[in-house]
Structure formats: C-alpha cells, structure tokens
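Here are a few notes to go with the model you sent over. Have it open while you read.

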Amino acid sequence: MATGTLTIDLDALQANWRALDAMTATETAAVVKADGYGLGSGRVAKALADAGARQFFVAVTEEAAALRAALGPAPIINVFSGHMDGDTQMIADLNLIPMLNSPEQIARHQAALPGHHYGLQIDSGMNRLGIEAYDWSPEMAEGATLVMSHLACADEPDHPANEAQLKAFLSMTAGLRIPRSLAATGGTLLGAEYHFDLTRPGIGLYGGLPFKAAQPVVTVDLPIIQIRTLQPGESAGYGCAFVAEKETKIATLSAGYADGLIRAMSGKATLWAGDVPCPLAGRVSMDLLTVDVTELEEVPKTLQILGPHQTVDQLAAIAGTIGYEILTSLGPRYKRVTK
Ligand SMILES: *Cc1c(COP(=O)(O)O)cnc(C)c1O
C-alpha cells in the first residue's frame, strides 16, 4: 500500500468541542462543511454528537446526505447556502434547515415547502452572504428557527469590524424572540457578548487557529517507496531544484500536491522521523516528495508531515496559507483512520 495515512484523534476532537462549549453559557453547534474540514464529515459528526453537539452546519445541501446517514434523524442539520434551485427535494427528504440568504430564497422556500422550518442569515457587514439591511425587516424572522450572521475579522480580536458587526447584528435583531447566532471559532473567543444563543465553531474543533489552546487532531504519515544515494552535483526532482552538495540520501515518499501538500511547500517543509527533522528536497510532484534523509541512521517505513513537530498551522505558514486550506485540501487518497 502506497497511500499516506491520515490519523484523526477523535478524543482530541471531542475535547476541543467540550473546551469551546465550556467557554460559553449557550449552545455549541459544530460546523462540518467541506467533508468535516477534510477529515470525513460522517465520522467527525458522529464523534461530536457523542460529545454533546445537537446542531450541525454544512455549506451546501449535497453535503447533508452523508451527515444524515451518520447522525440519524434527531440532530439538526443547517445549511449555510440556504435554499437554492434544485434543493427542495433534499431539504424535505433529509429534514434540513436552510439558512435563507435573500428575499428570493425566502420566496422560493415558502412556495416550495410551506410550513417547513428555516433559518435566516443576515448580513451584518461582511458582504458575502445574508439578507442586506435594506431588504431586512424583523417580521421576516416570524417562524424562523434561527437568525444568524458571520464575522469577517473575528481572528483579529482588536479589529474594529468585530464591534461594528456586533452593533449591526444587535440592531437588526432587536426585539426578536428567536434564537440568534453570530460566532464561529474566532467569535467564541471574543467573549460573551458575541455568543448569543448558539455558537458555530469549525476550525477550532479540528485543532486549528485562532483556537490556540486546541489539541491537535490530525497526524499524516507518508510511506517511503524508495531510497537512493546522490553524489555531489546530482539533482532530485522536477526542474533539478535540489542539487546535492555532498553525498546525500534521498527518500521518495508517496504523496504530493494532489494530496494537498501544495507546491508552495517545495524546498521549505520538513518531514519528521520521530524527533529527527528531514528537509523536503526540491519540488513537490503531483504524487511524490523527495526528502533528504542523510541524517538518519536507519530509515523508517514512513515519515511524518503533520504531527506534534509540525502542526497544521505551522505547515500552512511555511506554504503561505492558513490551516483551513491545508486541512480541506488533503483530499481523498489518504487512508483515514481514527484513534
Ligand atoms: C465556516 C463557517 C463557520 C465556522 O468557522 P470557523 O472559523 O471554522 O470556526 C461558521 N459560520 C459560517 C457562516 C461559516 O461559513
């Protein structure tokens, strides 16, 4: 078997949900869009339901089928993108709650599924998704299960947009007796005034920033397919980007940019053999990495790219991106195991 192994620590995942839940006096949902941030939404959601989560969020209705199958009928599944053309059957069959984002979506929902529950997403200043202030009247919320909005800068606690959005959300929802939700992971960390009735953490559950105290959830180990010794002046990989200055032992690993180990990591990321760092040598290929293992006395069967020595956010920083993108790019080729 030449695929990498992605190990998901379900205890750490549950501990992260409990830790975020303990920071608030209100209900804590779980965001499991993008296949549970790349880890497998069914298994992730089931573990979070066991920890106590009763509400889940996905981005699009199509993501809800696997989730409903894993969770059974009771948990609430909300859909951020609302009620799109073609969604009606799935919303009804899977018993989903669309977060309606515009007067058009409200009209579509009322016409297609009168009496079926729904939530509303309003725009408090991010200008991405949600009903605009000029289209909004609080009466629209009559009968809704939830009124929610999303913060643009919650990972920067001092950013003035946080308070501005909080004020806008408060004024748009003043007097409503319907559950409200504003905070994702970042908003949860901003403090009680951002919590309202329901928080919606995603990345923090999976061990990512801005939840600094999160336990790491993901480990990725990559098998070594072949080892060779380069003489000084010989090169490895595309573009001859790595050139050996001395006799160098190169291990070829089975994973590449098609597995989310993006090309921007070329020549920068480190792999680990236990506690020994082994630098990536040259460019990342689609399915392969070449790694300098000269320092190892004995070369193991696998090297680690995500784990205690290199977290999701550290690897992201090396590649000039964020942990969210690393996790959701990992792709289907890994053998996903839980511990
Ligand atoms: C993705 C998303 C979340 C979860 O955000 P995290 O930063 O991962 O905690 C919550 N709400 C909305 C609307 C989202 O799009």
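1. In which crossing, left-handed or right-handed, does α1 pass α3? The crossing is right-handed, a label used when the near helix is turned clockwise from the far one by less than a right angle. Helices here are DSSP runs (H or I, at least four residues), numbered from the N terminus.

2. Before going on: this is a predicted model, where local features need pLDDT of at least 70, side-chain atom pairs count only at pLDDT 80 or more, and totals for chains, interfaces and linings use all residues. Residues are numbered from 1 along each chain as its sequence is written, and side-chain values use heavy atoms, with hydrogens and water left out.

3. Back to the pair: the axes of α1 (residues 10-22) and α3 (residues 41-51) come within 9 Å and cross at roughly 50°. Axes are lines fitted to C-alpha atoms over the stretch in contact, with angles from 0 to 180 degrees between N-to-C directions.

4. Who touches whom? From α1, Leu-10, Leu-13, Gln-14, Trp-17 and Arg-18 meet α3 residues Arg-43, Val-44, Ala-47, Leu-48, Asp-50 and Ala-51 (contact means heavy atoms within 4.5 Å).

5. Now look at the lining of the largest pocket: α2 (33-37), α8 (185-190) and α10 (323-329) each supply at least two residues to it.
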